[in-house]
Amino acid sequence: QVAAWLATDGLIRNFAVAVLNIAEGTSPAGRLAALKPSAGFSVVEQGEYTFIAPRAYARYDTVADAVGAIDPQGAARLYANLKPRLQEAHAELGFPDTPFDRTLERAIVELLSTPVPAESLRVVPRGIGYGYADERLEDLSGAQKQLLRFGPRNARIIQDALRRLAEAVGIPADRLPRPRA
């Protein structure tokens with residue numbers, strides 16, 4: 001899945017748009033269609049409550065494991081090499097005077113600010129799908145709710161990788177939110 005995404009046309013522009021989406025609190029799922037799991041979303045009933053099924057989270061294990069395996073120093077070097085092209089794409093998206101570094105930091109902070117519960121999440125029917133039963137989670141941004149859909153294990157792997165990447169690209173730790181649950 002990750003290799004398929006890396007082979008897509010317009011990768012740098014898609015990456016810039018995905019980072020911008022996350023920074024603005026919007027789910028980047030549309031830009032990351034190649035990473036979409038093939039299995040569908042599922043729930044389990046436990047007594048009178050409905051929870052996201054473990055297999056729904058497992059759909060994202062490959063992506064989370066790939067993100068967790070990224071060498072942060074190598075990624076930082078690649079980012080430094082691609083930064084001029086990312087800045088060009090960012091300018092084309094309507095942000096010619098905003099450094100892409102700032103947008104990347106905002107995106108990382110957005111995802112690191114996502115509370116990751118220790119257990120499967122309870123959901124309730126909303127429209128044609130489900131929403132989080134906990135209104136605090138339901139009130140999160142689209143980007144944060146997308147991260148929660150990865151499940152507790154995978155969300156923590158991604159947050160840990162983002163924290164390491166932030167450090168490697170020079171974002172001071174005091175500008176990053178502390179881990180929370």
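View 1. Tyr130 has a relative accessible area of 40% and is partly exposed (buried is under 20%, exposed over 50%, partly exposed in between, with a 1.4 Å probe and protein chains only). Phe41 is also partly exposed, at 39% relative accessibility. The model is predicted: local features need pLDDT of at least 70, side-chain atom pairs count only at pLDDT 80 or more, and totals for chains, interfaces and linings use all residues. Residues are numbered from 1 along each chain as its sequence is written, and side-chain values use heavy atoms, with hydrogens and water left out.

**View 2. Aromatic pairs in the whole structure.** A search of the whole structure gives four aromatic pairs (rings of Phe, Tyr and Trp, the last by its six-membered ring, with centres within 6.5 Å; planes under 30 degrees apart are stacked, over 60 edge-to-face, the rest tilted). One of them joins Phe15 and Phe100, a tilted pair with 6.4 Å centre to centre and 50 degrees between the planes. Phe15 lies in helix 2 (residues 11-23) and Phe100 in helix 6 (residues 100-112), so this pair ties together parts 85 residues apart in sequence (helices are DSSP runs of H or I with at least four residues, strands runs of E with at least two, numbered from the N terminus).

**View 3. Accessibility of Phe15 and Phe100.** Phe100 is buried, with a relative accessible area of 0%, whereas Phe15 is partly exposed at 28%. Ring pairs link Phe15, Tyr79 and Phe100 into a cluster.
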